Amino acid sequence: MKLIISDVDGTLLKPGEVTLNTAILTVIHELTKRGILFAAASGRCYSDLLSIFQKVKQDIIFIANDGAAVFYKENPLCCFPIDHRIGFSFMKDIYQYTEAEVVLYGKEKTYILPKEKEFERLLAEWGGKSVQVVTCMDRVQEDYLKIACYHKTDVKKQLENYLPYWRKQFHIPYCSKNWIEFTSCGVNKATAAEKLLELFQISKEELLVFGDNENDRELLSMAEFAYAMKGAKAEIKQLCAYETENVAETIKSLCLKPK
């Protein structure tokens with residue numbers, strides 16, 4: 001293997017965990033010594049990932065915002081932003097005509113224009129200093145990497161009159177009762193993975209991937225060597241030939257055997 005890509009939440013981090021196990025950090029160091037690339041792929045923004053992987057940030061590739069941006073050694077490798085005009089029109093519709101809250105993800109910050117103080121507190125607890133309150137999303141100078149809509153009871157019901165039109169303009173990597181997230185049309189973690197294979201001249205047969213959730217679907221589907229986490233849903237497991245409980249141990253077994 002020449003490239004390993006792993007989801008973060010639910011894969012490297014178990015539910016409730018906020019720091020990485022030392023075992024995966026040790027594995028990443030060893031992979032680096034052997035010239036094997038490791039990429040962390042997440043729906044989180046780049047600044048969040050830097051915080052989580054602080055101890056190995058110079059050694060790994062970051063696939064942020066569900067594939068919308070890729071960074072290596074603090075430099076951007078590629079970016080697949082949402083068209084500014086389309087993104088702003090969408091956010092304006094959702095903000096003006098529904099009760100849903102809107103979140104805009106850039107490279108450096110996460111931007112909100114909160115309707116309720118409760119939502120501002122929720123995002124502040126979750127995103128800390130990376131969350132910035134703005135008066136108009138059109139004034140954000142960063143690329144629109146991802147947009148999310150939130151409602152405390154039922155976000156799909158809030159957006160039901162708008163999704164039939166707007167979903168044609170976007171890809172939806174994640175959807176739950178409270179959240180729906182949008183990237184540019186055709187952009188997902190596999191988009192970023194394909195670009196990495198091209199940039200580093202690596203074949204799909206030299207790629208190993210791990211994931212557990214809906215936003216890993218395209219990534220797991222593209223790789224010959226794809227591992228689903230044991231706790232993943234059945235439909236995600238069906239995409240993979242393999243299953244694991246422990247990413248670090250699986251990587252050690254496959255890639256770090258004594259020479």
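In strand 12, F210 is the bridge partner of S6. Strands and helices here are DSSP runs numbered from the N terminus, with at least two residues (E) for a strand and at least four (H or I) for a helix. Strand 1 and strand 12 run parallel and are joined by four bridges; two strands pair if DSSP finds at least two bridges between them. The model is predicted, so local features need pLDDT of at least 70 and side-chain atom pairs count only at pLDDT 80 or more, while totals for chains, interfaces and linings use all residues. Residues are numbered from 1 along each chain as its sequence is written, and side-chain values use heavy atoms, with hydrogens and water left out.

Strand 12 covers residues 207-211, and five of its five residues are buried. Buried means under 20% relative accessible area, exposed means over 50%, and partly exposed lies in between (1.4 Å probe, protein chains only). In a regular strand the side chains alternate between the two faces of the sheet. In strand 12, L207, V209 and G211 are buried on one side, and L208 and F210 are buried on the other.

Strand 12 also runs parallel to strand 13 (residues 225-229), again with four bridges. L208 stands opposite F225 in strand 13. Together with helix 8 (residues 217-222), strands 12 and 13 make a right-handed β-α-β unit. Right-handed means that, with the strands pointing away from the viewer, the path from the first strand over the helix to the second runs clockwise.

Next comes helix 1, residues 22-33. At its start, a side-chain oxygen of N21 reaches to within 2.7 Å of the backbone nitrogen of A23. Which residues of helix 1 are buried? They are I24, L25, V27, I28 and L31. These residues cover an arc of only 160 degrees around the axis, which puts them on the same side of helix 1; the arc is that of the directions from the helix axis to the C-beta atoms. An α-helix has 3.6 residues a turn, so residues three or four places apart point the same way. T22, T26 and K33, on the other side of helix 1, are exposed. The cover over the buried residues includes strand 1 (3-7), strand 2 (37-41) and helix 10 (247-255).

After helix 1 comes G35, with a positive phi near 80 degrees. I36 lies in the loop between helix 1 and strand 2 and is buried, at 11% relative accessible area. Leaving aside neighbours within four places in sequence, I36 is in contact (heavy atoms within 4.5 Å) with M1, K2, L3, I4, L31 and C255.

Methods:
Polar contact = N/O pair within 3.5 Å; in protein donor to acceptor, adjacent residues only side chain to side chain.
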